[in-house]
Amino acid sequence: MKLYTYFRSSAAFRVRIALNLKGLAYDPVPVRLPKGEHRGPEYGKVDPQALLPTLVDGAHALSQSLAIIEYLEETHPEPPLLPRDALGRARVRSLSLLVACEIHPLNNLRTLQHLKRALGQSEEQISAWYRHWIADGLAKLEADLLRGGSGRFCHGASPSMADCCLVPQIFNARRYQSDLAPYPTVMRIFDACMSLVAFDRAQPSKQPDAE
Ligand SMILES: N[C@@H](CCC(=O)N[C@@H](CS)C(=O)NCC(=O)O)C(=O)O
């Protein structure tokens with residue numbers, strides 16, 4: 001398998017974690033987001049959505065990190081990243097979507113570029129925007145994890161797709177100096193995840209394209 005990735009891409013980071021947790025080898029193909037390479041004609045042939053990551057498995061290219069993780073889950077079920085029971089799967093998907101749909105798009109590269117280029121916002125205003133949506137989303141995640149009685153990880157005693165989403169979001173939050181003190185449950189789970197090699201090896205600074 002080949003993974004089109006960028007070391008700081010949190011959506012690619014989610015898939016790197018899932019691949020590592022399942023013990024699947026892959027060749028990373030770096031695409032430099034800040035240089036706009038994902039919008040170029042070459043990458044457009046790989047992913048018409050012009051987003052990272054893309055996973056290529058044989059003749060097939062797959063986009064959207066959660067769809068990719070679910071594909072890996074179906075094709076390589078062990079160890080599972082989704083619970084066996086329907087309620088558990090719904091909960092893990094709900095926590096994953098909270099990160100992937102309610103936090104991440106508001107702070108994505110093209111969103112921030114639009115704030116700057118089209119709406120003329122300053123770096124300071126953009127950082128405030130970024131931290132606002134991190135705080136909004138992480139408060140919801142903290143409350144949901146408390147309500148659901150999470151275990152060592154987001155859902156029980158082993159990492160799931162939700163943990164693949166939580167960890168990269170905390171890396172992003174730290175990059176923008178967000179205050180993480182109000183989210184002790186989120187941070188306890190983050191620390192539990194980062195003690196595992198699969199998460200540690202997937203982090204931005206350990207990628208071959210890290211600058
Ligand atoms: N929902 C998508 C999001 C993909 C995405 O937005 N990836 C970012 C990098 S983390 C990207 O390619 N951004 C490019 C841009 O915003 O122009 C997924 O989960 O894969």
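Me: Which residue in strand 3 is the bridge partner of Lys 2?
Reply: This is a predicted model, in which local features need pLDDT of at least 70, side-chain atom pairs count only at pLDDT 80 or more, and totals for chains, interfaces and linings use all residues. Residues are numbered from 1 along each chain as its sequence is written, and side-chain values use heavy atoms, with hydrogens and water left out. Strand 1 and strand 3 (residues 54-57) run antiparallel and are joined by three bridges; two strands pair if DSSP finds at least two bridges between them. In strand 3, the partner of Lys 2 is Val 56.

Me: Which residue in strand 2 is the bridge partner of Tyr 4?
Reply: Strand 1 (residues 2-5) also pairs with strand 2 (residues 27-30), in the parallel sense and over four bridges. Within strand 2, Tyr 4 has as its bridge partner Val 29.

Me: How many helices and strands does the protein chain have?
Reply: Helices (H or I, at least four residues) and strands (E, at least two) are DSSP runs, numbered from the N terminus. Read from that terminus, the elements run β-α-β-α-β-β-α-α-α-α-α-α-α. The count is nine helices and four strands.

Me: What radius of gyration does the protein chain have?
Reply: The radius is taken over C-alpha atoms, and the globule rule is 2.2 Å times the number of residues to the power 0.38. For 211 residues, a compact globule would have a value near 17 Å, so the chain agrees with the rule at 17 Å.
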